[in-house]
Amino acid sequence: QVQLVESGGGLVQPGGSLRLSCAASGSIASINAMNWYRQAPGKQRELVAGITNGGRTNYVDSVKGRFTISRDKNTVYLQMNSLNAEDTAVYYCNGAITSRNGYLPRIYWGQGTQVTVSS
């Protein structure tokens, strides 16, 4: 079984920073891309940032220059700076993971962590 567990969310003032972590564990053979998504109330879930196993990154325009995605083995991070109210959402990570008893990668999701930006 494979699990993704996020941490690091919370309440922060506008202009502040948070660092999210997402650790993949379990019967893992390999991990391809890992991504961060977010879903604000009443809105669709959107891709915020992604990183391939080769280290290539991509970001949604609204976070470019403020957020940085990085990865260390089976953990992916999202450093979020200059936060504003529009960043308030539940943040989810996912990963394209091949388990030890599988042949093809499948997408696994974490449970989400709340980020609230408010004064």
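Analyst: Happy to! Keep in mind that this is a predicted model.

User: Why is the pair C22 and C93 called a disulfide?

Analyst: The sulfur atoms of C22 and C93 are 1.9 Å apart. The cut-off is 2.5 Å, and 1.9 Å is within it, so the pair counts as a disulfide. A search of the whole structure finds 1 disulfide. The link of C22 and C93 is right-handed, with 50° about the S-S bond. Distant parts of the chain are joined here: C22 sits in strand β3 (residues 18-26) and C93 in strand β9 (residues 89-99), 71 residues apart.

User: What makes C22 and C93 count as buried or exposed?

Analyst: Buried means under 20% relative accessible area. C22 has 0% relative accessibility, so C22 is buried. C93 is also at 0%, and therefore buried.

User: Which strands make up the open sheet, and in what order?

Analyst: The open sheet has 4 strands in the order β1-β3-β8-β7, with antiparallel pairing.

User: Why do β1 and β7 stand at the edges?

Analyst: Each of β1 (2-7) and β7 (67-72) has a single partner strand, so one side of each is left without a neighbour in the sheet. From one strand to the next, the twist averages 15°.

User: How do you know that β1 and β3 pair?

Analyst: Pairing needs at least two bridges, and β1 and β3 have 6, so they count as paired, in the antiparallel sense. For a place to look, Q3 stands opposite S25 in β3.

Terms used. Residues numbered from 1 in each chain as written. Predicted model: local features only at pLDDT ≥ 70, side-chain atom pairs only at ≥ 80, totals over all residues. Heavy atoms only, no water. Buried < 20%, exposed > 50% of the residue type's maximum accessible area, 1.4 Å probe, protein only. Axes fitted to C-alpha atoms, helices over the stretch in contact; angles between N-to-C directions.
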